[in-house]
Amino acid sequence: MTQSPEITPKSWIMVLALGLVWGATFMFMEIALRGITPFWLAAGRIGFATLLTVVIWLALGGKLFLTDHRPWGPLTAIGILSTALPFMLLSWGLQYVTSGFAGVSMAAVALMVLPLAHFFVPGERMSLRRLIGFLIGFAGVVVLIGPEAFAASGNALEPFGRLACLGAAVCYAVSSVTMRRLPPADPIGLAAVPLMIGSAFVIPLAWLNEGPPPMPDGPTLLVIAVLGLLPTAGANLLRVLVIRSAGPVFMSLTNYQVPLWSVFLGVLLLGEPLHPSLLIALVLILAGVFLSQWGALMRLFGR
């Protein structure tokens, strides 16, 4: 797409919804991993999301590209980099690193997107104000996670686990920028086809790595279905809509929200203690968003 990003009130609502949904995902994943192995959890949620999204897509006509341009290579890369590969890297990496480092890695997506979008996405120039805003937001995530942010787990494979988490962050950043550069396309088709590609990638690898698919119990299957429906199928469609309209830099604001919502939900639903660092982190993250998205906020509240 060659036109500049258009950030509207609808864009803000979608990004807030994505942050909330993905922030709740970790609770459901923790429950699901009690009854299924990591790679098959990734395969199960992607597979269910693919089935659901493809049925809806075909029912609505099954359109994909709206011009004669058919960039199947970039679309294949998006399918692998947006779901299958990062899901597997995170599942593997979390065995050897602290959850805090994984959270910081996901927040780093916003910083990785900045230089990529500067060079490859029209209208996404990296200004000093925007860079400072994203750095302040990143600092807020580090404060939120606390000492665990860069703490060592002591595992011999920890360096490789950290590389896996950072690799997942790179996957998300590159796939977001690549998706923005695609020609005009049907948004549901653009959500469905990469999921199909991701399923074709992750299911064979899960089988090779962990053997035939296990038969989970009923509660585990229900959690996998929820993961496939909301944070994978539903959120994937919202992600496509945000990137294609508001751009990958705006979309990357979600990565600061995810750990924030995760902690908030832990306080509200699980009775976890409310630490002062949560409020400090909230101020820093909001200040970072305010600085990095000054123009969009002025348009939003100046209407």
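## Gly47

Gly47 counts as partly exposed because its relative accessibility is 23%; buried means under 20% relative accessible area, exposed over 50%, and partly exposed in between, with a 1.4 Å probe and protein chains only. Gly47 lies in helix H2, which covers residues 38–59. Its C-alpha atom is separated by 8.5 Å from that of Gly198, a residue 151 positions away along the chain.

## Basis of the model

The model is predicted: local features need pLDDT of at least 70, side-chain atom pairs count only at pLDDT 80 or more, and totals for chains, interfaces and linings use all residues. Residues are numbered from 1 along each chain as its sequence is written, and side-chain values use heavy atoms, leaving out hydrogens and water.

## Fold and dimensions

The chain contains 12 helices and zero strands. Helices (H or I, at least four residues) and strands (E, at least two) are DSSP runs, numbered from the N terminus.

For 303 residues, a compact globule would have a radius of gyration near 19 Å, and the chain agrees because its own value is 19 Å. This radius is taken over C-alpha atoms, and the globule rule is 2.2 Å times the number of residues to the power 0.38. The C-alpha trace spans about 55 × 55 × 35 Å along its principal axes.

## Burial and contacts

Of the 303 residues in the chain, 48% are buried. Among contacts (heavy atoms within 4.5 Å) with a separation of 6 or more, 88% join residues 24 or more positions apart.
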